[in-house]
Amino acid sequence: MVIGAITILVVIIFALVIYNALIAKKVKSFSNINDQVKSLNIVQDFMNVVGEDITVDEKIKKVNDILIRRYNIKYSTIVVFNGAEYMIKACNVDSKHWDTLKNLHTEEIFKDSITSTAPKYITVEKEGERLPYQKMEFERAKSAIFFPLYIDNIYIGYWIIESGEPHAFDNLDTNILEIVRENIIAILKTINYQNTLENIARTDKFTGLYSAEYLYGKGKQTIDKYPKSTVCMFKITNLEEINKEICREAGNKTLVEVSNIVKSSISSEYVYVRYMGPKFVIVFSGVEPEAVTGFIKDIKNYIEELQVDVTRFATTKSKKNEKNFIKPKVNFATSVYYKGTGLEEVTKKLEEYLDTADKKENDINYI
């Protein structure tokens, strides 16, 4: 009887072991699924940030905030090499420590990590110790993971997470963090084009206006506050003639005076740039084409009534003794831009029209 009871007990224990193993497997599977869902959700958050009409720096900071919030990280810092120097792009550490954090690539402990592309985990073992790269602080961080960042096998910076607790990342799933690192790299790669646009926009030395690149960077942020806007491009059609028959200085003066008439007539809410050569663009943000028709006609009339004094540019004595004036001629074309579509496609269409139009054309055209 005792033997029978022991046998039944062994069977029950064996069944419980099998049941617990199955439960553990299901829990692990469920945990893995949760990790995958969590990663997918973060990727979606990243993509949402990429699509926002904010600057590149603001996007990187938002990505860093998502990492801190979703993974409950104490400190997170993203450092990028811009071709000239290492710059902190996002960091929730007090700025007094930034000089240290943006020079981690010089620390011996991280050089192997940069060479091998593998993350580097460091932690203190006892009170009074500090992490090798710490210069000013002792208590702020007691463990850290350093992730080198690469785009197409080119080293472009690093991401470092830190904690105020020793061994804080011992049980952290590094596979998930590797996925996060790749997502950070993808974000940096995706917004690289936007960063280029923001940095190449220049101010025209004659008119004081931004160049065309401004339209597709910071200018677009203003334009895309509205679902629909009117884009107007105009061209000084006789500028080439002025340059040839008088001189380029006379042409430059014409550019400046025409530009100033428009600049003094439009609201600061609108984006106005010297697009290229004799062409200018005005974007009436949030305004329907019908609402700007009268205004454009007035601007056109003001420009064509302008008399630019070019006496000082005359090349002969007899001409210098006369009053020489020129009158600019302009051709206008307008179109509608819808938020979320290609602004560059709209301007390209307007430019093609003005460049192929008859030079004698002097009108307002709706494309």
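A residue is buried when its relative accessible area is under 20%, exposed when that area is over 50%, and partly exposed in between. The model examined here is predicted.

By that scale, Gly 208 is partly exposed, because its relative accessibility is 48%. Gly 208 sits in the loop that joins α6 and α7. Along the chain, Gly 208 and Arg 274 are 66 residues apart.

Thr 207 occupies the loop between α6 (192–200) and α7 (213–216). Its relative accessibility is 5%, so Thr 207 counts as buried. The side chain of Thr 207 takes part in a polar contact with the side chain of Asp 204, at 2.7 Å. A polar atom of the Thr 207 side chain also lies 3.2 Å from the backbone nitrogen of Leu 209. Further along the sequence, Thr 207 touches Leu 255, Ser 259, Lys 263, Arg 274 and Phe 280; residues up to four places away in sequence are not counted here.

A disulfide requires a pair of cysteine sulfur atoms within 2.5 Å. By this rule, the model has zero disulfides.

Technical notes: Residues numbered from 1 in each chain as written. Predicted model: local features only at pLDDT ≥ 70, side-chain atom pairs only at ≥ 80, totals over all residues. Heavy atoms only, no water. Helix = DSSP H or I, 4+ residues; strand = E, 2+ residues; numbered from the N terminus. Buried < 20%, exposed > 50% of the residue type's maximum accessible area, 1.4 Å probe, protein only. Polar contact = N/O pair within 3.5 Å; in protein donor to acceptor, adjacent residues only side chain to side chain. Contact = heavy atoms within 4.5 Å.
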